Amino acid sequence: MRLTDIHQCEVRPGRLVEFTLSPATVAAARELPDDARPPAYIQESHLRTVRSAREEGSFLRTWLGVAFDLPGEVDLDALEAALQLWTLRHETLRSGLREVGGVVRRFTLDADAVALSRTVIGDFPDAEKLAGHLEARFGQATYALGWPNFLYAAVVRDESTSVYMVFDHSNVDGCSMLRIPGAVRALYESAAAGCGGEPVADSSYVDFCELERGDADRIDAGHEAVVRWREFIRRCGGAMPNFPLELGLGAGPRMPEQRVTSGMVVDADTAEAFEALCRPYGGGIVGYLAATSLAVQEINPTDVFRTVVLFHTRAKSRWSDSVGWYVGGVPVEIPCARPSSFPDALATVRGALRANRFLARIPLARVMHLLGDEFDMASSEHVSLSYLDGRDTPGSEGWEEQRVYGLGGVTCGDKVGVWINRVHEGVWLACRYPDTAVADKSMRQYAERMRDILLTAIS
């Protein structure tokens, strides 16, 4: 899936329609007692980060979403029915979090209490103004500290309709995004053909949160995962590492505005040849991380490249289709003495990932709590590198024609995020970083060097 921001995803003029939880649904949620199932550590940490930023005067836009087209003249009744059925499949979307006496607690609506409400917002003949409106609206409607914190919208035209589905990150992750266009499209086609259906619930992320937290609460400060994170953070000076390129932060605000750049790095043929080279060492994730370590070393030489690599935590097949934030972080350190060959770099990265891969199963927020004063919580936002191959997702071969995009809210912060997404057309690279001229130059250099390294490796 091509990940970008709202201004780079082919927004086109049309009539804007919104689908939100009904006022009756929202009112019912206010009266709910606590759900005994706790939030995930990552959810709890997320809310506290957003609240801390608000207290410092920053508004964090922490939403993820998808955009995709439906062909021809849309049937809005069928689309609303499809969105309703899809929503009821995923319990996390009718479950929210609230802080009571300093403790984050969960509440969850019964499925029969959930209904959508449809509103025609109006016509937007100018694409740029529409994109600006959507950006502001998505940020407001998905704010982590409010509920509901997701929104569906459609931009209706005679020849096609663009569907946007956006959620606060506490509800979804990248793997969740991959399956949404195909699932909603299938439900829409069924509803448009007059074939209604009952919601079939997928495995619940809320249940997963309870299980994961129970496991995490059993570890203590002497656990191997805590020991390894402690050592990593000490070598980083007591804080999370940042991308080792010049970012031009200087003495500016601690939470500067950010920007996103994205684009195709190499085509499908080049990607296939590169991944064939990497396969004996562990595949695409190893190859692209090795290429990243070489790229940053060429731009800004350093002894060790340190980052946090993201892995999904859907260890059992029951969670495969579930919508939720199934993500863990793995600390990675790669010595940057230039290897004699690219295979040497691959072997080094393979070893680094193998050594710490199991750490993804331990919630990082639990580890940080156990580290206590050994870790600067102000640095809890971390540079991260994510690799996602969406080609096995049902319907993915049609994503380009259907204008399918993954979307992220552009927020504020001093760290860098890198997303490398494999699609049928090639390798898509998206970077989010502080919005400075220096950082923009550095990250564009990084993308250029990545392309050069991939091409050189297979030549």
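## Helix packing and a buried strand residue

In this predicted model, helix α7 (residues 224–235) and helix α11 (residues 364–371) approach each other, their axes coming within 10 Å and crossing at roughly 75°. Angles of 65 to 115 degrees count as roughly perpendicular, and α7 and α11 are therefore roughly perpendicular to each other. On the α7 side, the contact is made by Val-226, Trp-229, Arg-230 and Ile-233; α11 contributes Leu-364, Val-367, Met-368, Leu-370 and Leu-371. By class, the residues of this contact comprise eight nonpolar, no polar and one charged.

| Helix | Residues |
|---|---|
| α7 | residues 224–235 |
| α9 | residues 284–299 |
| α11 | residues 364–371 |

Helix α9 has 16 residues and spans 22 Å from its first C-alpha to its last, close to the 22 Å expected at 1.5 Å a residue. Of the 16 residues of α9, 14 are buried, so this helix is largely enclosed by the rest of the structure.

A further site concerns strand β13 (residues 405–408), which includes Leu-407. Leu-407 is buried, with a relative accessible area of 1%; the cut-off for burial is under 20%. Leu-407 and Thr-4 are 403 residues apart along the chain, yet their C-alpha atoms are separated by 5.3 Å. Thr-4 is also one of the residues in contact with Leu-407 when neighbours within four places in sequence are left aside.

Note on methods
Residues are numbered from 1 along each chain as its sequence is written. This is a predicted model: local features need pLDDT of at least 70, side-chain atom pairs count only at pLDDT 80 or more; totals for chains, interfaces and linings use all residues. Side-chain values use heavy atoms; hydrogens and water are left out. Helices (H or I, at least four residues) and strands (E, at least two) are DSSP runs, numbered from the N terminus. The expected span of a helix is 1.5 Å times one less than its number of residues. Buried means under 20% relative accessible area, exposed over 50%, partly exposed in between (1.4 Å probe, protein chains only). Axes are lines fitted to C-alpha atoms, for helices over the stretch in contact, and angles run from 0 to 180 degrees between N-to-C directions. Angles under 35 degrees count as roughly parallel, over 145 as roughly antiparallel, 65 to 115 as roughly perpendicular and the rest as oblique. Contact means heavy atoms within 4.5 Å. Ala, Val, Leu, Ile, Met, Phe, Trp, Tyr, Cys and Pro count as nonpolar, Asp, Glu, Lys and Arg as charged, and the others, Gly among them, as polar.
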